[in-house]
Amino acid sequence: MKDQIKQVADRITFASMNYRLWRIYTEPTDRTKYLGVLRMYNSFFLTSLQAHFAATIITLYGLYETRRNSISQKRLVQGVSDTNLRSEIQPLLDEANAIWQKKITILRNDVYAHLSDIEFDAKFSEAGISPNEIERLIEISKELVNKLSYANDRSTFAFNLDPASDTYRLLDRLLKAEG
């Protein structure tokens, strides 16, 4: 179980880092500050923006998918025999599932995983997911895996990798070079 918990934690880190980059590019204050840079290198940042969002959605989908052979939060929770721990984590899993089932699955299945004759804007509207909900799902995921890890071997994950400082440094250098 320890290896499975580590794999889930690694996926959470990946989703979190991609989300953070996407958020830097889309958060209104940052976007306004760096708009000239984003436009100057338009194809790079447009591709980066889309790639980081897709990576976030696809990774979050995998964290909660229900296939029997998948390593996911749901599968890890199903393996918990401690009834106290299960009752402690079930509300978190329920909250995560509410975001995952109604929002993440629409984007993953209908926008990213399958080529369909659909209106992308309509699917995004149908999903109706906000940046805060994506961030909340990531935070719930961290909390769940840490509770499972602690119960397994009294260890937790720091989740302290954050690409923000490097990204801001890069954007500031590009902004300065532009000016």
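Colleague: Why is D153 called partly exposed?

Modeller: D153 has a relative accessible area of 29%; buried means under 20%, exposed over 50% and partly exposed in between, with a 1.4 Å probe and protein chains only, so D153 counts as partly exposed. This is a predicted model, in which local features need pLDDT of at least 70 and side-chain atom pairs count only at pLDDT 80 or more, while totals for chains, interfaces and linings use all residues. Residues are numbered from 1 along each chain as its sequence is written, and side-chain values use heavy atoms, with hydrogens and water left out.

Colleague: What makes K2 exposed?

Modeller: K2 counts as exposed because its relative accessibility is 54%.

Colleague: How do you know that D153 forms a salt bridge with K2?

Modeller: A salt bridge requires a side-chain nitrogen of Lys or Arg within 4 Å of a carboxyl oxygen of Asp or Glu. The closest N and O atoms of D153 and K2 are 3.1 Å apart, and the pair therefore qualifies. D153 lies in helix α7 (residues 131-153) and K2 in helix α1 (residues 2-26), 151 residues apart.

Colleague: Why is α3 called oblique to α5?

Modeller: Helix α3 (residues 42-64) and helix α5 (residues 83-113) pack at about 125 degrees. Angles under 35 degrees count as roughly parallel, over 145 as roughly antiparallel, 65 to 115 as roughly perpendicular and the rest as oblique, so α3 is oblique to α5.

Colleague: Which residues of α3 make the contact with α5?

Modeller: With contact meaning heavy atoms within 4.5 Å, the residues of α3 are F53, A54, I57, I58, L60, Y61 and Y64.

How values were computed: Axes fitted to C-alpha atoms, helices over the stretch in contact; angles between N-to-C directions. Helix = DSSP H or I, 4+ residues; strand = E, 2+ residues; numbered from the N terminus.
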